[in-house]
Amino acid sequence: MVKDIFSSTFVCSDTTFRYSYLMKNSYPGLGPTSTAKNKQTSVIASINNVKNANLVAARANKNDEFYTQWVDIEREMGAYLEFAPDVFRDKVILLPCDDPEWSNFTKYFALHFAELGIRKLISTSYAPNSKPSEIEYQPSLFEVEDPKFDKVKTLSRGKKFMLENKDVTGDGVINIEDLRWEYLAGDGDFRSVEVTALRDAADIVVTNPPFSLFREFLAWLIEGDVKFSMIGPRGSLTYKDVFPLVLDGRLWLGKGFANDDAYFRVPNSNAGDYAAGVYDPTTQMVHFRNAVWFTNLDHGRRHEPMQLMTAEDNIRFSKHKQVRGIGYQKYDNYDAIEVPFRDAIPSNYAGVMGVPISFLDKHNPDQFEIVGISGNGSVPKELLIPGQPKYDRPYLSGNRKFPRLLIRHRNISI
Ligand SMILES: C[S@@+](CC[C@H](N)C(=O)[O-])C[C@H]1O[C@@H](n2cnc3c(N)ncnc32)[C@H](O)[C@@H]1O
């Protein structure tokens with residue numbers, strides 16, 4: 001049965017085929033193949049009755065169903081592995097918003113289970129009836145054909161999938177065939193006592209959580225004191241409850257999506273919710289430019305120093321007209337200079353510099369210290385110029401500037 005869902009999926013080296021195979025067979029909101037359809041029709045009819053009876057009024061937020069592509073997971077995990085090849089060795093890994101019947105996170109870690117030396121992989125899914133959006137739900141053959149299948153529980157309970165270093169099938173190898181599953185007691189909400197207990201037993205948590213619960217999810221990870229890698233909206237970096245983690249070096253950006261282009265698959269039923277240009281009906285994907293990976297796992301990009309010119313050379317040669325021939329201005333209200341572009345950071349300025357927030361994409365903590373951020377009360381008191389009326393944003397000659405990250409060189413290179 002596991003084979004039905006996974007085997008042709010995993011042996012194929014072509015990600016597209018692997019993905020579309022799985023989508024056709026088990027993706028919520030997409031039709032099954034004709035064979036699968038025959039087997040599922042009667043079950044689905046009776047499930048829909050239960051679902052309709054149980055459904056509470058349609059919930060407003062439909063935007064938590066975005067499914068991450070294999071290639072993006074591979075790229076991000078690859079960055080951690082390149083820096084520390086044993087990062088997942090002997091670790092318990094929890095994927096708390098991931099149904100393996102369609103999650104590429106589960107498939108990625110299950111496929112590489114032995115090679116990465118993972119001790120235990122646990123993946124939990126969220127009950128269809130608890131999801132805020134009313135997407136069409138069809139249980140997969142993997143579940144329907146299992147003696148444990150229950151047409152009421154499949155809607156109201158979350159599921160837990162486990163892969164351990166145990167050869168359950170006795171075929172001499174540990175692989176996806178050895179995966180076991182069960183219904184959770186509750187709906188699989190990551191905040192529930194049972195999923196929180198799984199977090200507490202995990203070493204590393206990896207997922208793309210519901211965007212609408214990003215802050216709660218991050219707080220849940222921090223409370224659990226685990227290593228993590230998660231996708232989220234870039235703008236949240238500056239939030240009052242998120243930025244202090246950046247400041248303390250407890251959270252940073254991962255390697256990120258190629259060219260900052262993130263594509264996520266969405267259920268058919270949500271396709272109409274997007275503006276023109278965001279959803280592509282041919283690929284069934286949405287395109288976002290503001291999705292990033294947040295992590296506390298180390299990777300090589302954090303240790304690449306930015307190549308910078310001195311202040312004098314920037315004034316002579318900078319490609320930016322705001323700097324070339326002009327130099328750097330001091331803010332009216334902060335004891336810091338304005339550096340409007342990341343590549344115009346002077347290599348020899350010892351004081352505090354206000355730089356675009358996108359600096360964090362290239363931040364090397366050995367090269368720079370982050371000292372604060374404008375706009376959320378995170379500017380250190382000693383940088384505030386007394387007598388200035390406003391501190392929410394940096395001001396230059398009375399003009400309000402963009403929000404800025406405040407940084408300082410750790411070592412000056414002259
Ligand atoms: C952005 S999607 C990502 C799914 C999967 N991690 C992936 O990347 O393909 C987030 C998933 O979390 C589920 N979810 C929503 N609220 C949840 C909650 N409170 N606890 C656990 N999962 C939740 C959503 O239904 C959705 O399937």
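Biologist: Which is Lys 227, buried or exposed?
Modeller: Lys 227 is buried, because 20 other C-beta atoms lie within 10 Å. The definition counts a residue as buried if 20 or more other C-beta atoms lie within 10 Å of its own, as exposed if 12 or fewer do, and as partly exposed in between, with C-beta atoms placed from the backbone. The model is predicted: local features need pLDDT of at least 70, side-chain atom pairs count only at pLDDT 80 or more, and totals for chains, interfaces and linings use all residues. Residues are numbered from 1 along each chain as its sequence is written.

Biologist: What does Lys 227 touch?
Modeller: Leaving aside residues up to four places away in sequence, Lys 227 touches Asp 203, Ile 204, Asn 296 and Leu 297. Contact requires C-beta atoms, placed from the backbone, within 7 Å. Lys 227 and Asp 203 are 24 residues apart in sequence, yet their C-alpha atoms are 6.2 Å apart in space.

Biologist: And which strand holds Lys 227?
Modeller: Lys 227 lies in strand E7, residues 227–233. Strands (E, at least two residues) and helices (H or I, at least four) are DSSP runs, numbered from the N terminus.

Biologist: In what order do the strands of the open sheet run?
Modeller: The eight strands follow the order E5-E4-E3-E2-E6-E7-E12-E8, with mixed pairing. The edge strands, E5 (180–183) and E8 (252–253), each pair on one side only. Two strands pair if DSSP finds at least two bridges between them.

Biologist: How many bridges join E7 to E12?
Modeller: Five bridges join E7 to E12, and these strands run antiparallel. Met 230 stands opposite Phe 294 in E12. E8 is also antiparallel to E12, with two bridges, and there Trp 252 stands opposite Thr 295. By contrast, E2 (residues 92–95) and E6 (residues 204–207) pair in the parallel sense over two bridges.

Biologist: Why is E12 largely enclosed?
Modeller: Five of the five residues of E12 (residues 291–295) are buried, so the rest of the structure largely encloses this strand. Ala 291, Trp 293 and Thr 295 are on one side, and Val 292 and Phe 294 are on the other.

Biologist: Changing topic, how many residues surround the ligand?
Modeller: The ligand is surrounded by 20 residues, and the closest are Thr 68, Cys 97, Tyr 126, Asn 208 and Pro 210. A residue counts as near if its C-beta atom, placed from the backbone, lies within 6 Å.

How values were computed:
Contact = placed C-beta atoms within 7 Å.
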